[in-house]
Amino acid sequence: MQTLIQTFIDRRGDLLTALWQHLGISLASLVIAMVIAIPLAIWVVRRPRWAEGLLQLTSVLQTIPSLALLGLLIPLVGIGTVPAVIALVIYALLPIFQNTYLGISEIDASIEETADAFGMSRMRKLFKVELPIALPQIISGIRTALVLIIGTATLAALIGAGGLGTFIMLGIDRNDTSLLLIGAISSALLAILLSALVRWFQTAKPRHALIVFVGILALLGGGGAYSVYANRVETITIAGKLGSEPEILINMYKQLIEAEDEHVHVTLKPNFGKTTFLFSALKNNQVDIYPEFTGSVLETLGKGNNPAGQTANQTYQLAKQRLAKQEQMTYLKPMQYNNTYALAVTKKFQQEHHLKTISDLTQVESILKPGMTLEFIDRNDGLKGIKKTYGLDVTAKSMEPALRYEAISKGKINLVDAYATDSELRQYHLALLKDNKHFFPTYQGAPLMKTSFANKHPKVVKALNKLAGKISETDMQEMNYEVNVKKQSASTVAHRYLVKHGLLKEGR
Amino acid sequence: MTTAIEFQHVQKDFNGQTVIPDLNLTIDQGELFILVGTSGSGKTTSLKMINCLEPLTAGKILVNGTDTTTIPVRSLRWQMGYVLQQIALFPTMTVAQNIAVIPEMKGTAKKEINQTIDELLAEVGLDPKEYRDRMPSELSGGEQQRIGILRAIAAQPDIVLMDEPFSALDPISRQQLQDLVLRLHARYHNTIVFVTHDMNEALKLGDRIGVMQHGQLIQVDTPAALAQHPVNDFVRNFFGASRAKNVYDVYVGRVGLIQGYLTEKPSVASGRIQSLDVQATLRTAFTALTDHDYVAITEENRVVGYLDSQRIVAYLSQHEEVS
């Protein structure tokens with residue numbers, strides 16, 4: 001509880017931003033869904049065959065898993081707010097359409113007959129008789145849609161649209177229950193609050209309802225207008241993947257760039273998603289810069305064969321060439337640390353058996369008790385390859401990533417797989433073994449941007465190049481530890497490093 | 001008298017089946033005309049053809065001399081009130097808003113509409129202050145149908161169509177509303193076409209009655225003529241069947257209608273004559289005749305005629321076996 005409150009206080013700024021984004025996406029989706037579904041439902045009331053078809057269609061749309069829907073939309077409309085809103089609108093159609101349709105078509109036939117017998121026009125009948133009678137049902141459809149939207153909108157974080165889902169994703173990623181709870185509870189509270197508001201609309205005097213409705217629209221519209229206005233000054237958008245490490249890096253980028261060029265404002269989009277999302281965001285100019293790993297470029301982005309046993313520099317050069325040729329992108333010089341797969345033992349175990357490299361493990365083969373993730377055990381560039389390359393003969397127990405660290409600290413196992421910069425290495429006092437045969441591909445981080453952008457912003461390039469060759473694996477572990485475990489802000493941690501290493505003057 | 005509504009060789013088919021083969025009927029202005037018949041006789045369909053809720057298959061209907069198909073359907077309907085069995089007040093509107101529906105569409109001034117609403121409510125015995133802003137769901141069935149009638153006549157239409165308006169109501173409300181229709185008709189002199197399956201109601205209300213069977217008009221006549229000279233067994237039996245289950249529950253008014261009244265005031269002491277409303281039952285009449293010689297039958301406090309025990313016994317002897 002204490003940590004929950006502390007996290008809440010630390011993050012209240014972020015939370016407000018996320019809440020605002022969440023609200024914006026949700027309400028925009030709801031309004032669009034209403035504008036589509038209500039007139040459509042009114043139109044098909046007199047066309048039962050169409051109605052049946054459309055009900056089926058909206059039901060089918062509803063059954064598509066939300067993640068799959070988001071995935072399907074990426075190649076069509078890219079990432080960010082647009083696909084999120086489209087997906088949410090699709091989900092909200094069914095309850096609104098169905099309730100409007102049923103609400104009107106279930107009106108007593110004698111009432112319809114009376115309205116006709118009194119010579120009411122089609123429109124008058126609709127607005128004076130049918131809609132008022134169907135209103136409670138339409139409103140309940142809108143409320144269902146709203147609750148659905150607010151819940152589903154948490155997935156928007158996956159495709160870089162932000163919102164409260166950011167907290168939930170981060171919470172899962174960092175195994176931080178407080179963050180997860182804050183995201184989930186805020187989203188639930190938002191749903192309850194808005195649902196109550198919609199219900200109030202139903203009973204409120206029309207004038208009051210109108211004032212509040214216009215007020216909300218103005219507020220959101222104002223927010224939108226402001227962000228358009230804010231974007232007019234030279235703004236550079238830097239995004240980072242999910243996790244503490246990219247967040248620390250992009251904070252360093254921001255501080256370095258803003259120190260170099262006072263006329264530039266940098267907007268950060270931390271926890272923006274995974275590799276492919278970010279890459280297409282960069283291509284679509286939604287993002288100007290993001291840190292990417294050399295290994296990831298070869299593995300997922302650039303096309304071509306990937307020769308094995310490359311040195312770090314060879315990997316970088318290959319990635320750089322491919323990006324320049326195939327995508328017209330500029331890949332600046334990488335930092336020092338290599339965030340690749342690694343094998344780790346406890347420091348105590350390392351000293352007892354004088355272990356430095358992975359090759360050294362063969363000497364203690366008989367007493368090794370490895371516990372590793374299922375994925376690592378199964379991959380050719382994981383344990384299988386290690387056994388072949390280093391002539392190691394061990395059998396590993398498969399374990400959940402989080403459990404693995406628990407187990408090694410308690411002595412149940414004595415060898416784990418890890419990422420080289422995991423904060424847990426620092427937290428559980430583990431030591432990495434050197435990959436002396438260059439088995440693991442290199443994953444060095446470096447800023448990626450479009451070549452056109454790099455040409456236009458030499459000062460930005462200059463600022464970012466200051467990081468080339470900096471930051472060791474231990475530095476990164478330490479910084480990740482400070483953010484993940486000690487809950488310091490990524491910005492503070494980044495600043496401290498830059499000042500300490502003379503890249504930034506104190507006080508900036 | 002001028003003609004308000006005229007059916008000329010009207011035919012109506014449903015799904016290729018002819019339900020009304022050839023209907024010819026003239027209804028005069030200011031007439032309270034009753035269409036009566038068993039269910040499926042085509043009486044409601046005939047009514048709905050007047051305001052084009054049901055289109056004609058062949059023939060034509062003239063309203064005030066004009067073919068209804070040549071008038072825009074909305075202006076045709078604006079001059080016709082409509083009251084139906086389901087009452088069908090608009091549930092989201094207050095009593096006042098319901099009554100104002102047609103005058104509003106016709107563009108009557110708001111002030112005038114409000115005045116009309118208050119007058120009409122007062123006329124049917126509902127206090128405007130108390131009832132104006134009530135919702136239909138807060139009213140009893142009888143009260144709702146009162147509003148239903150007011151809604152139909154608020155714009156002072158020439159013609160009011162009523163489709164079995166009282167068949168879903170309890171007997172007391174039904175009587176009160178029948179009286180209301182008579183009163184409003186006497187006051188506004190509009191033409192009313194009233195559909196019912198209840199011969200008692202037809203006899204009580206109608207200036208003329210049209211009896212329908214299988215889509216055909218069997219007989220059109222005044223209540224007295226219909227009662228005394230039914231054109232065939234169907235009409236006669238229809239009277240029998242629609243009579244009260246127990247012969248002693250028959251209205252005395254009906255006995256007078258069939259047996260004929262004594263029109264002269266009998267020359268006995270006025271203490272020997274008991275006054276009874278037309279809607280009093282035969283049972284009451286018998287009780288009255290145990291210590292009186294005659295009963296004076298009154299309708300709205302006006303004496304319509306006198307009955308003695310002979311006439312009542314004669315009626316009983318003709319009809320008792322049926323009950």
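Trainee: Which residue takes a positive phi in the hairpin of β9(B) and β10(B)?

Mentor: It is B:His214, with a positive phi near 50 degrees, in a hairpin that has 2 residues between the strands. Before going on, keep in mind that this is a predicted model, in which local features need pLDDT of at least 70, side-chain atom pairs count only at pLDDT 80 or more, and totals for chains, interfaces and linings use all residues. Residues are numbered from 1 along each chain as its sequence is written, while chains are lettered from A and ligands numbered from 1 in the order in which they are written.

Trainee: What are the mean pLDDT of chain B and the share of its residues at 70 or more?

Mentor: The mean for chain B is 87, and 95% of its residues reach 70 or more, where pLDDT is the predictor's confidence in each residue, on a scale from 0 to 100. Where pLDDT is low, the predicted coordinates should not be read in detail. For the complex, the predictor gives an ipTM of 0.77 and a pTM of 0.65.

Trainee: What is the strand order of the open sheet of 4 strands in chain B?

Mentor: The order is β2-β1-β4-β5, with antiparallel pairing. Strands β2 (17-28) and β5 of chain B stand at the edges with a single partner strand each, so one side of each is left without a neighbour in the sheet.

Trainee: Changing topic, how many residues does each chain give to the contact?

Mentor: Chain B gives 15 residues and chain A gives 14, with two residues in contact if their C-beta atoms, placed from the backbone, lie within 7 Å. On the side of chain B, the elements that give two or more residues are α2 (73-78), β6 (80-84) and α4 (101-106). That side divides into 10 nonpolar, 3 polar and 2 charged residues, counting Ala, Val, Leu, Ile, Met, Phe, Trp, Tyr, Cys and Pro as nonpolar, Asp, Glu, Lys and Arg as charged, and the others, Gly among them, as polar.

Trainee: Now chain A: which residues does UniProt list for "transmembrane region"?

Mentor: The unreviewed UniProt entry lists residues 20-44, 64-94, 145-172, 178-198 and 210-229 of chain A; such annotations may be inferred rather than shown by experiment, and the positions follow the numbering used here. In the model, residues 20-44 are 100% helix and 0% strand, with end C-alpha atoms 36 Å apart. Residues 64-94, by contrast, are 84% helix and 0% strand, and their end C-alpha atoms are 12 Å apart.

Trainee: What follows just after α4(A)?

Mentor: A:Gly78 comes there, with a positive phi of about 80 degrees.

Trainee: Last one, why does A:Met252 count as buried?

Mentor: A:Met252 counts as buried because it has 27 C-beta neighbours inside 10 Å; a residue is buried with 20 or more other C-beta atoms within 10 Å of its own, exposed with 12 or fewer, and partly exposed in between. A:Met252 is in helix α11(A), residues 244-260, and touches A:Leu467, A:Ala494 and A:Leu498, not counting residues up to four places away in sequence.

Technical notes
Pairing = 2+ DSSP bridges.
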